[in-house]
Protein chains: 2
Amino acid sequence: MKIEKPAVVETALALLDEVGSDGLTMRALAKALNVQAPTLYWHFPSKQDLLDQMANALIAPVAGIIDADAAPDEVLRSLAVELRKALLSRRDGARIYAGTFVMGENVLNVAEIALSALLRKGLDERTATDAMFNLVYFVLGFTIEEQGFSSRWGSKADASVEPSDLTKIDSSRFPALAQSLDTVLAWDFDSRFELGIRTFLRGLG
Amino acid sequence: MKIEKPAVVETALALLDEVGSDGLTMRALAKALNVQAPTLYWHFPSKQDLLDQMANALIAPVAGIIDADAAPDEVLRSLAVELRKALLSRRDGARIYAGTFVMGENVLNVAEIALSALLRKGLDERTATDAMFNLVYFVLGFTIEEQGFSSRWGSKADASVEPSDLTKIDSSRFPALAQSLDTVLAWDFDSRFELGIRTFLRGLG
DNA sequence: AGACCATGCCTAACGGTGTTAGAGAGTCAA
DNA sequence: TTGACTCTCTAACACCGTTAGGCATGGTCT
């Protein structure tokens, strides 16, 4: 049975959800496709190439969802939200994406939308471009750490997770941390992200 | 000859600079220490544990450099700058760091400095904590992409690097990108980072 | 002194990885 | 019928993290 390139990428993403990025091996993917591992190398020159295409597919839905005609700040906000959502949609999605450096169709679409919104805000071309990249960098860094957190301590069903023995930090050496311990331990990524985006947009003026 | 734990970590970081994170294998590290690979497992329970300690060592210098008594914005700015510098100080440093999730001494020091500066700015405890994390996330995401870029296209000595065929993007489909092409191709990470930090601080008010 | 035991290194090997070489079915055109 | 092209196969290579178990060394206890 012939295997199709897009179907391979889709199966790889599905497999990623099951086994995580460490378990995503060429042999495991081949087995999911009822094929032997070397066969994949007829369709993809290397595993990295496959990962690149997975990353590209991961953010494919983002651009289409955005209403590019909305107010600039709303465009940028929803773009960030959808980008994070896309990366979170698959286990280790952000890490997979960060490992690639694809300037593919989908990335260009996202970049174009963000950039034109920033230009509409009145920013000069140079500032808008840098801001566009910075926004993406923030979403990426945020989501990587979010997924890294939940993959290390998310397995514990306990709602009040306690990485290391963070609860007993020395309040004399780390007074500010001790004071904010409740917020730290809450790990409310949703509202933290929202604050980040709000801060960013407010900072752009 | 006995090998010392901190010396192993230091050698590992030096080796990382030479061979990159892909080449950083237990066998290669062992050879650099004039030792056989399994010997490392007497000192470290796993490679991940070694990587954790490398990440911890990577950001060790950061906290000490900061003048915690300076104006809050200056503290936050220099903290971000030094954090980025520390991650950039070794090849693939940011990627190594992002792969760990250590709540070690050094991280707590950095967090404490940032947090108390944010509280001094007048932010409430909840907002300050989230902002502290967001700042770290931005620096991390930024630096990961910066190093990812230079590791894929930095080898070319050519100053005007051209990832893929970015130069010939369709200006009718991506007008904003085409307009800002000069800035995109300049890849001036230093000033882009500075803008990012400025935006962030301005957004916090 | 002799027995013990933890330390720190070694060799050998296991199961797994990405990847390559090369053979062989199936299909379609000349 | 022949030949080329497409796609998958088996076998294997070099390398990976890691474990099992042995062999010196040196200090401690009886």
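Colleague: How many residues does the contact take from chain A, and how many from chain B?
Modeller: This is a predicted model, in which local features need pLDDT of at least 70 and side-chain atom pairs count only at pLDDT 80 or more, while totals for chains, interfaces and linings use all residues. Residues are numbered from 1 along each chain as its sequence is written, and chains are lettered from A and ligands numbered from 1 in the order in which they are written. Two residues are in contact if their C-beta atoms, placed from the backbone, lie within 7 Å. On that basis chain A gives 47 residues and chain B gives 47 residues.

Colleague: Which helix gives the most to the side of chain B that touches chain A?
Modeller: Helices here are DSSP runs of H or I with at least four residues, strands are E runs of at least two, and both are numbered from the N terminus. On chain B, the elements that each supply at least two residues to this side are H8, H9 (125-153), H10 (175-179), H11 (181-186) and H12 (189-204). The one that gives the most, with 19 residues, is H9(B).

Colleague: How does that side of chain B divide into nonpolar, polar and charged residues?
Modeller: Ala, Val, Leu, Ile, Met, Phe, Trp, Tyr, Cys and Pro count as nonpolar, Asp, Glu, Lys and Arg as charged, and the others, Gly among them, as polar. For the side of chain B that touches chain A, the division is 26 nonpolar, 13 polar and 8 charged.

Colleague: At what angle do H9(A) and H12(B) cross?
Modeller: Axes are lines fitted to C-alpha atoms, for helices over the stretch in contact, and angles run from 0 to 180 degrees between N-to-C directions. The axes of H9(A) (residues 125-153) and H12(B) come within 9 Å. Their crossing angle is roughly 75°.

Colleague: Which residues of H12(B) make that contact?
Modeller: The angle makes H9(A) roughly perpendicular to H12(B), a term for angles of 65 to 115 degrees. H9(A) brings A:Thr127, A:Asp130, A:Ala131, A:Phe133 and A:Asn134. By class, the contact has 3 nonpolar, 4 polar and 2 charged residues. From H12(B) come B:Arg192, B:Leu195, B:Gly196 and B:Thr199.

Colleague: Within chain B, is H6 roughly parallel or antiparallel to H8?
Modeller: H6(B) (residues 72-88) and H8(B) (residues 105-120) have axes 8 Å apart and pack at about 155°. Angles over 145 degrees count as roughly antiparallel and those under 35 as roughly parallel. So H6(B) is, relative to H8(B), roughly antiparallel.

Colleague: How many residues of the contact of H6(B) with H8(B) are charged?
Modeller: H6(B) contributes B:Pro72, B:Val75, B:Leu76, B:Leu79 and B:Leu83. H8(B) contributes B:Val110, B:Ile113, B:Ala114, B:Ala117, B:Leu118 and B:Arg120. The nonpolar residues number 10, there are no polar ones, and the charged count is 1.

Colleague: Which helix gives the most to the surface near DNA strand D?
Modeller: A residue is near a strand if its C-beta atom, placed from the backbone, lies within 6 Å of it. DNA strand D is surrounded by 17 residues, the closest being A:Gln36, A:Trp42, B:Thr25, B:Pro38 and B:Lys47. Two elements give two or more residues, H2 (26-32) and H4 (47-58) of chain B. With 3 residues, the one that gives the most is H2(B).

Colleague: And which helix gives the most near DNA strand C?
Modeller: There are 18 residues around DNA strand C, of which A:Thr25, A:Pro38, A:Lys47, B:Gln36 and B:Pro38 come nearest. H2 (26-32) and H4 (47-58) of chain A each give two or more. The one that gives the most, with 3 residues, is H2(A).

Colleague: Is A:Ser180 buried or exposed?
Modeller: A:Ser180 lies in the loop between H10 (175-179) and H11 (181-186) of chain A. Apart from neighbours within four places in sequence, A:Ser180 contacts B:Leu115, B:Glu125, B:Ala128 and B:Thr129. A residue is buried if 20 or more other C-beta atoms, placed from the backbone, lie within 10 Å of its own, exposed if 12 or fewer, and partly exposed in between. With 25 such atoms, A:Ser180 is buried.

Colleague: What is the phi of B:Asp92?
Modeller: Most residues other than glycine have a negative phi. B:Asp92 sits in the loop between H6 and H7 (93-98) of chain B and counts as buried, with 21 C-beta neighbours inside 10 Å. Although not a glycine, B:Asp92 has a positive phi of about 60°.
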